[in-house]
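Here is a short briefing to read alongside the sequence and the 3D view. Take a look at the structure below, then work through the points by topic.

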Amino acid sequence: MAAEIVNPRSDSTADQDGGAEPLDSFDPAFALHRGGKMAVQATVPLRDKDDLSLAYTPGVARVCTAIAEQPELVNDYTWKSSVVAVVTDGTAVLGLGDIGPEASLPVMEGKAILFKQFGGVDAVPIALDCTGVDEIVETVVRLAPSFGGVNLEDISAPRCFEIERRLQERLDIPVFHDDQHGTAVVTLAALRNAARLSRREIGQLRAVISGAGAAGVAIAKMLVEAGIGDVALADRKGIISADRDDLTDVKRQVAGFTNKAGLKGSLEDALAGADVFIGVSGGTVPEEAVASMAEGSFVFAMANPNPEVHPEVAHKYAAVVATGRSDFPNQINNVLAFPGIFAGALQVRASRITEGMKIAAAEALAAVVGDDLAADYVIPSPFDERVAPAVTAAVAAAARAEGVARR
């Protein structure tokens with residue numbers, strides 16, 4: 001299967017309203033999406049009866065029999081070891097929220113072509129018409145024999161944490177929730193380079209994260225794993241601390257390994273004297289709160305389309321500014337991580353993606369910047385052709401070092 005960036009558009013000029021001018025006429029995004037953004041392509045020829053007899057019956061029966069006798073051969077003689085399922089329930093799609101499985105498909109198709117374009121990995125979008133944790137887990141487990149990995153996408157918190165954990169426990173293939181870990185990997189890479197630019201170590205930094213959903217929690221975990229000096233998270237009700245009695249199970253766990261300073265109060269309170277702001281929540285951070293941060297601070301305002309701190313404001317006070325948008329420097333973009341991470345994991349047929357593999361991906365991504373490091377270049381472009389090979393190699397090596405590689 002090849003997730004080609006093709007567009008087999010229909011010739012029809014009428015839309016579903018019956019005779020009205022199609023949306024394609026007004027918006028180029030609709031024109032690009034007509035007919036979908038990907039297609040299936042054969043990788044073997046079917047020119048004559050000899051080809052057919054090898055690709056299908058009777059030749060295929062010999063391959064099936066061999067796999068039945070030695071199940072591990074499925075990785076050599078089918079697409080399983082090189083294809084990823086991109087799975088969603090449509091409950092947390094981009095900035096759109098709970099829009100359902102059908103409306104999520106354009107995003108899932110987009111994710112699939114990003115896998116192919118930036119990592120050479122084939123991917124299949126799968127939108128599930130269920131939202132219960134048990135239903136999703138059971139459905140994905142039953143689909144898993146066809147795939148070498150599962151990328152969970154746009155599933156709302158806190159369900160996404162349990163879904164990922166349970167799937168990892170039941171499957172022997174990589175399961176990766178990109179909204180969590182992809183964001184965390186790229187954030188850590190950018191932070192490493194920002195620290196290097198300011199001649200500081202990560203252990204010298206205190207960070208504040210706005211948002212305690214999937215991305216915020218994963219970023220906090222990864223920063224702690226990487227040795228951050230301290231990190232505090234803030235949700236809608238303020239700083240997450242162990243003395244709060246309104247915490248979910250996930251937030252209670254977060255309180256156990258963050259906020260060593262014992263901060264209380266609001267996000268703005270936490271930002272006073274902080275070295276790093278990381279926004280994954282939306283909303284607007286008051287300018288005076290940004291001004292209260294430490295000298296030489298870093299502002300990573302990643303909400304889309306409106307950053308929590310507009311770059312024009314952030315640049316008044318911060319030494320390094322990053323956003324989630326492509327029209328500003330230093331875009332924190334998941335596409336820098338997940339294609340290479342899966343490519344590396346699939347290359348060695350890893351049974352899972354470990355914390356060490358994620359850290360290795362972040363370090364490799366940061367290293368791509370090299371001597372070109374500057375305040376407006378702490379993270380490479382998604383179109384930098386060095387990115388995916390560097391991340392792939394680092395993840396594969398880490399998988400072998402951690403004993404989860406099977407070749």
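In this predicted model, the axes of α8 and helix α15 (residues 355-369) come within 8 Å of each other and cross at roughly 45°. An angle under 35 degrees would count as roughly parallel and one of 65 to 115 as roughly perpendicular, so α8 is oblique to α15.

**How α8 meets α15**
- The crossing of these two helices, α8 and α15, is right-handed.
- On the α8 side, the contact is made by H181, V185, V186, L188, A189, R192 and N193.
- From α15, the residues taking part are K358, I359, A361, A362, E363, L365, A366 and V369.

**Helix α7 and its surroundings**
- Helix α7 runs over residues 159-170, twelve residues in all.
- From its first C-alpha to its last, α7 reaches 17 Å, close to the 16 Å expected at 1.5 Å a residue.
- Buried residues in α7 are C160, F161, I163, E164, R166 and L167.
- Their cover includes the helices α6 (133-143), α8 (178-197), α9 (214-225) and α10 (249-257), along with the strands β3 (149-152) and β4 (175-177).

**S210 in strand β5**
- You will find S210 in strand β5, which spans residues 206-210.
- Is S210 buried or exposed? Its relative accessible area is 8%, and buried means under 20%, so S210 is buried.
- The side chains of S210 and S281 are joined by a polar contact of 2.7 Å.
- Leaving aside residues up to four places away in sequence, S210 touches A234, L267, F277, I278, G279, V280 and S281.

Conventions:
Residues numbered from 1 in each chain as written. Predicted model: local features only at pLDDT ≥ 70, side-chain atom pairs only at ≥ 80, totals over all residues. Heavy atoms only, no water. Helix = DSSP H or I, 4+ residues; strand = E, 2+ residues; numbered from the N terminus. Expected span 1.5 Å × (residues − 1). Buried < 20%, exposed > 50% of the residue type's maximum accessible area, 1.4 Å probe, protein only. Contact = heavy atoms within 4.5 Å. Polar contact = N/O pair within 3.5 Å; in protein donor to acceptor, adjacent residues only side chain to side chain. Axes fitted to C-alpha atoms, helices over the stretch in contact; angles between N-to-C directions. Parallel < 35°, antiparallel > 145°, perpendicular 65-115°, else oblique. Left-handed = near helix turned anticlockwise from the far one by under 90°.
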